[in-house]
Amino acid sequence: MSKRKSKDTQWTAGECVSQAQKILRERYCYQRVPSSPVGIESQRKNLLELLRRTAIHGESNSVLIVGPRGSGKTMLLKSVLKELFEVREVQSNVLLVHLNGLLQTDDKIALKEITRQLQLENVVGDKVFGSFAENLTFLLEALKKGNRSSSRPVIFTLDEFDLFAHHKNQTLLYNLLDISQSAQTPVAVVGLTCRLDVLELLEKRVKSRFSHRQIHLLNPMDFHQYIETTQEHLGLPQDFPDERFAQEWNSSIKMLCEDRSVKDVLRKHFNTSKDFRSLHMLLLMALSRVTPTNPTIKPGDIQEASRLCSMDAKANILHGLSILELCLIIAMKHLSELYDGEPFNFQMVHNEFKKFIQRKSHSIHNFETPVVLKAFEHLQQLELINPMDGPSAKIQKEYQLVKLMLDHSQIMEALQKYPQCPTDVKQWATSAFG
Amino acid sequence: MPAELRQQGYSEAQLRLVSEKVPCREAQAAALLALFGEPDHYSFPSIFIYGHRAMGKSHVTLTLLRELQMPHVVVSCVECVSPGLLFEQVLGSLFDSSAVTLSRSPSLSDFVRLYRQLCAEDSAKHTRYIVLDRAEVLRDMSANLLPGFLRLQELVEDNVTVILLSEIVWDKFRPSTGCFEPLQLHFPDYSKAELQQILAQDSHPSYSAELYTFYINILLGVFYSVCKDLRELRHLAALNFPKFCEPLEKGEAEESDTHKLWRNIEPHLKKAMQTVYLREVSSFQWEEQLKQDGETQSLRGLSAYAHVELPYYSKFLLIAAYLASYNPARTDRRFFVKHHGKIRKTTFLKKHEKTSNHLLGPKPFPLDRLLAIFYSVVDSRVAPTASIFSQISSLVTLQLLTQVGHDDQLDNPKYKCTVSLDFIRAIARTVGFDILRYLYDFL
């Protein structure tokens, strides 16, 4: 026994790092369900009680879980289902149907999916027979025939619930909620959505059949808890093979989270959004810099990751433009200042640019009109300028009205960072009117 | 060679090979590889790579995936006109292609179901990668496709990563109700020095490398302020190199005689900017001309063929349409009525609209006004026959005029004239009409 243990601790640094990466990556990317979710105990209890009533007592229920993206709706549902299915009686008795608004884009597909997941008799091989109406009546009859005492309860989970509300006549929602209202087969309808106004999307008849039970996941976390969560998310579990490495790692993570600069970075992230997904993205970026030669996360890694996460994409794109394109953007900036945000066309921009060239051409040569037009079209391709009336309007390219999709401060900032920007172009950009 | 490209789980030799193939992009390749992690580790569900055209986005990604032999599929979204084609390509190359049978117009639901099914038979030992090139096209396909692909890892419960490549920033992709946020990675543009380094790699075997570097310097001097696109620059470099070498071949100059070489090539490159760069002259024509050593002006570009032969009345109709589009309606009396009484010029010319008409573009005009101007500018008496009206509609089909507002086709249609000033002047010259005298902007 002791021999085996000593063997375990003799892992090389490379293997340890590899194992740590594996565990943490699975946590960040694959969204594995944690054994004990924190901060949502009351919601969890609420949902579990509700589902248990359906599963064991045969009550029909409907509930909506509402919360912003990345607030752990799916995680809550999964952990509750996991706990529910540990009961043996439930395991053998309850049927589960998962639907997703992204996948089941209309009722017909959704219905096929339900029949498939319930493994009903008319499914032969992998094909579902019958038309939509037939399918619906078959399914409804199958569900209606049952009663509270004898039939198996079904739990429907509808991910992206708001998308189901866009279906024609909301037939699926109506029928599901209708069954949950009347004393037929016990069903529980659990909807997950990120829209707070989801009830306004429902038709009146559908809305009246919904139980108006909502569970909100609003993430009432403060910064101190945020730091603690971060530390927890970075730590290695107890059952890590190499104990020494795990201890070192965890203590280094503790040190990291107390570091002042790391706290600043996390504060910045906390102020932009509290959801875990953006935190996971940051942590993954930091984690990807961990190698056998650099076996722990350092404050510098977190800072670098945060810099990468919060880069201004438009500024990056502006940095890559040629000097001619940059000049056109400055001309557009002047035009929108001059005419108060009115749209403009290529001729006006070119005119503005020509004025600059004529007055003070030192570094920029006089380009032919087609060359300038090509630069203008490139800007349009990058969607830095958007046409006002659709791309297919039948008018010459020169006269199509466009709008600049950039802020003035963005332009000025990009100009400061532009490599080897000629001084007169900079001056032209700062001068008020052309 | 910087030793940045290092990752556990891959052999040293392979990594060295990759880093040789991605000049000036080692940092990006290393960052990407670090995100990928070891082959059997999970990677982030979706990665969004953006940067300008020809900045090595797909080159780096593909080189990594191919050289390190990761299971991957590359799909160009432009090719996939329907989602079905996209699904078929993905499933066909990730799994054994014989097992894939999709229905005729599959939905995302079918795709996910089939993926799970195939995945259960052939589960992933290594991360699978789906690379979607030109991802901006995905936005125009059905609304659930992009959010679906972004969270594909969660939907199919497989170790799969979707990589999106695009020129356009992520902000323009985000659906209104939000979606799973991908990890964004930026490929910055090549600096001038990096461009030089990359372009200098494909030097000509019969000349020294220094000479080619010198040539590239000249080329960048002319084109860099207009174009940073590596592909375009490389094309131009290959095209104009024979001209650069001409004095050397003739024996008029030595390799060290840089000033003379520069004097020889610079005007030539400036000409190339107006011709080959704009695709006025095709590369083939350009090469032919270099061989024949002809004068560069002799070559007519595509835009020189803009002249169109039209019937007599069509010409006048077009002239009338141009006048109606670019003159304000209240000046018609002054131009086209013989005894228009006195209109004072001061009230007539307002400063702010003096030259603005050719800046703002054509204005729409009703059919009546077009005909009125037409009768006034054409000398002889013309009956309003069917052929006149059919000529108007055929001008519309030739896209010399466009109809605005499609609500009433017969009753009172409105038109716009969509030809340039040069074009209309050429037309007016053929019928002996001085158009500038009638244009308000040029008074």
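Is A:Ile253 buried or exposed, and what is its relative accessible area? Select A:Ile253 in this predicted model: the residue is buried, with a relative accessible area of 1%, where buried means under 20%, exposed over 50% and partly exposed in between, using a 1.4 Å probe and protein chains only.

Before moving on, note that residues are numbered from 1 along each chain as its sequence is written, and that chains are lettered from A and ligands numbered from 1 in the order in which they are written. Local features need pLDDT of at least 70 and side-chain atom pairs count only at pLDDT 80 or more, while totals for chains, interfaces and linings use all residues, and side-chain values use heavy atoms, with hydrogens and water left out.

Next, show helix H13 of chain A, residues 243-258, which contains A:Ile253; helices are DSSP runs of H or I with at least four residues, strands are runs of E with at least two, and both are numbered from the N terminus. Leaving aside neighbours within four places in sequence, A:Ile253 is in contact (heavy atoms within 4.5 Å) with A:Gln231 and A:Leu234.

Now turn to chain B, which has 19 helices and eight strands and whose C-alpha trace spans about 90 × 70 × 40 Å along its principal axes. Of its 443 residues, 52% count as buried.

Finally, select residues 212-279 of chain B, where the chain is 75% helix and 0% strand and the end C-alpha atoms are 25 Å apart.
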